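Keep the structure open as you read.

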Amino acid sequence: MKKIIFIDLFAGCGGVAKGFCDAAFECVIANEFDEKAAITYRSNFNHPLVVGDITHPEVKQQLYDVVGDKKVDAVVGGFPCQGFSMSGKRLVDDPRNQLFREFVEVVKITKPKIVVCENVVGILSMAKGEVVRQIIEEFSNLGYKMEYKVLNAADYGVPQLRKRVIFIGNRIGVENIFPEPILTPENYKTVKDAIGDLVGHGHDEKLSHLITASNAKTTDRMKEMKEGEPFYQTRRDSCRKLFWDRPAPTVKDNHGNWAVHPVENRYVTPREMARLQSFPDDFDFSHVAKKYQLRQIGNAVPPLMAKYIAESINDMLDVNRVL
């Protein structure tokens with residue numbers, strides 16, 4: 001069978017790549033700016049990775065040199081959106097949108113059949129919807145029929161309530177296909193499903209099950225906490241004790257204390273966070289320090305959700321093959 005080729009931009013530690021590769025896609029080239037994330041990426045994949053700032057022409061040229069004359073099926077990435085809230089300005093006018101412009105430029109040069117973009121839900125309300133309209137317009141100018149949908153990772157077997165906006169566009173004359181949910185709230189995967197077997201598992205460097213030692217005062221506070229209660233009363237939206245029999249809230253870095261374990265009186269570990277993001281245990285984070293592991297895991301696209309998106313892209317390509 002013909003290999004399904006994709007380019008992985010803003011690759012992070014490899015959440016998208018893991019999902020797409022599990023769906024039998026082949027990454028021809030990836031790009032990531034952060035060197036620590038690149039170490040983790042290279043620890044888990046054999047395909048080429050260009051480490052560097054994509055705004056630099058020489059970095060983009062490295063991408064193009066590797067792609068060569070290959071026919072690219074998809075370009076995938078989650079571009080930052082810091083400048084998109086500038087009301088009254090076009091996207092291309094704000095220098096903070098340079099990364100979005102570079103994404104568009106790579107699509108323009110490599111001409112993939114399909115484009116997939118991931119972003120936070122807040123992008124929908126930025127500049128009263130103007131941001132989304134302009135994103136769609138930019139890709140439409142390149143010949144792509146672009147649409148978006150809010151997906152919840154829990155719908156696809158990820159033990160986490162994580163909503164993200166997914167843009168899918170194509171230039172091959174087919175309907176855009178988004179993955180249908182495979183689970184409902186009644187049978188979502190829970191925190192216990194994901195990390196229950198790690199109760200009693202000691203500190204484990206290789207597994208990235210890195211347990212933070214707490215002082216007696218902190219441990220006593222954790223003992224008193226009820227599920228769903230925040231550790232800090234002044235920051236009620238962070239560092240909550242997880243519900244054992246519910247999906248986790250959105251996994252975040254939060255400087256090492258994103259959440260309190262619901263059974264053991266401690267913070268959750270990088271491996272537990274990774275499981276709540278649907279990374280398998282053989283996905284290796286151990287080559288960078290704990291603080292970088294937490295950051296990479298918190299910023300990643302859940303691989304399992306990415307896999308279902310990839311399968312929808314494959315369905316679109318199948319339709320195109322029939323036409």
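**Helix packing and cores**

Helices (H or I, at least four residues) are DSSP runs, numbered from the N terminus. The model is predicted: local features need pLDDT of at least 70, side-chain atom pairs count only at pLDDT 80 or more, and totals for chains, interfaces and linings use all residues. Residues are numbered from 1 along each chain as its sequence is written, and side-chain values use heavy atoms, with hydrogens and water left out.

Two packed helices are described by the angle between their axes and the distance between the axes. Helix H3 spans residues 57-67, and its axis comes within 11 Å of that of H4, crossing at roughly 30 degrees. Axes here are lines fitted to C-alpha atoms, for helices over the stretch in contact, with angles from 0 to 180 degrees between N-to-C directions. H3 and H4 are therefore roughly parallel (angles under 35 degrees). On the H3 side, Lys60, Leu63 and Tyr64 meet Glu102, Glu105, Val106, Ile109 and Thr110 of H4. These residues divide into 4 nonpolar, 1 polar and 3 charged (Ala, Val, Leu, Ile, Met, Phe, Trp, Tyr, Cys and Pro are nonpolar; Asp, Glu, Lys and Arg charged; the others, Gly among them, polar).

Glu102 sits in helix H4. Is Glu102 buried or exposed? Its relative accessibility is 6%, so Glu102 counts as buried (under 20% relative accessible area, 1.4 Å probe, protein chains only). Beyond residues up to four places away in sequence, Glu102 touches Ile54, Thr55 and Lys60; contact means heavy atoms within 4.5 Å.

H4 (residues 98-110) also packs with H5 (residues 130-140): their axes come within 10 Å and cross at roughly 25 degrees. This pair is therefore roughly parallel too. H4 passes H5 in a right-handed crossing. Phe100, Phe103, Val104 and Val107 of H4 meet Ile135, Glu138 and Phe139 of H5. That contact holds 6 nonpolar residues, no polar and 1 charged.

Now the cores. A nonpolar core is a set of buried Ala, Val, Leu, Ile, Met, Phe, Trp, Tyr and Cys residues joined through side-chain atoms within 4.5 Å. The largest has 55 residues, and Phe20, Ile114, Trp258, Leu276 and Ile313 have the most contacts inside it. Helix H10 (residues 303-322) gives the most to this core, 7 residues. A second, separate core of 31 residues includes Leu9, Ile29, Val72 and Val131.

Notes:
Helices (H or I, at least four residues) and strands (E, at least two) are DSSP runs, numbered from the N terminus. Angles under 35 degrees count as roughly parallel, over 145 as roughly antiparallel, 65 to 115 as roughly perpendicular and the rest as oblique. A crossing is left-handed if the near helix is turned anticlockwise from the far one by less than a right angle, and right-handed if clockwise. Buried means under 20% relative accessible area, exposed over 50%, partly exposed in between (1.4 Å probe, protein chains only).
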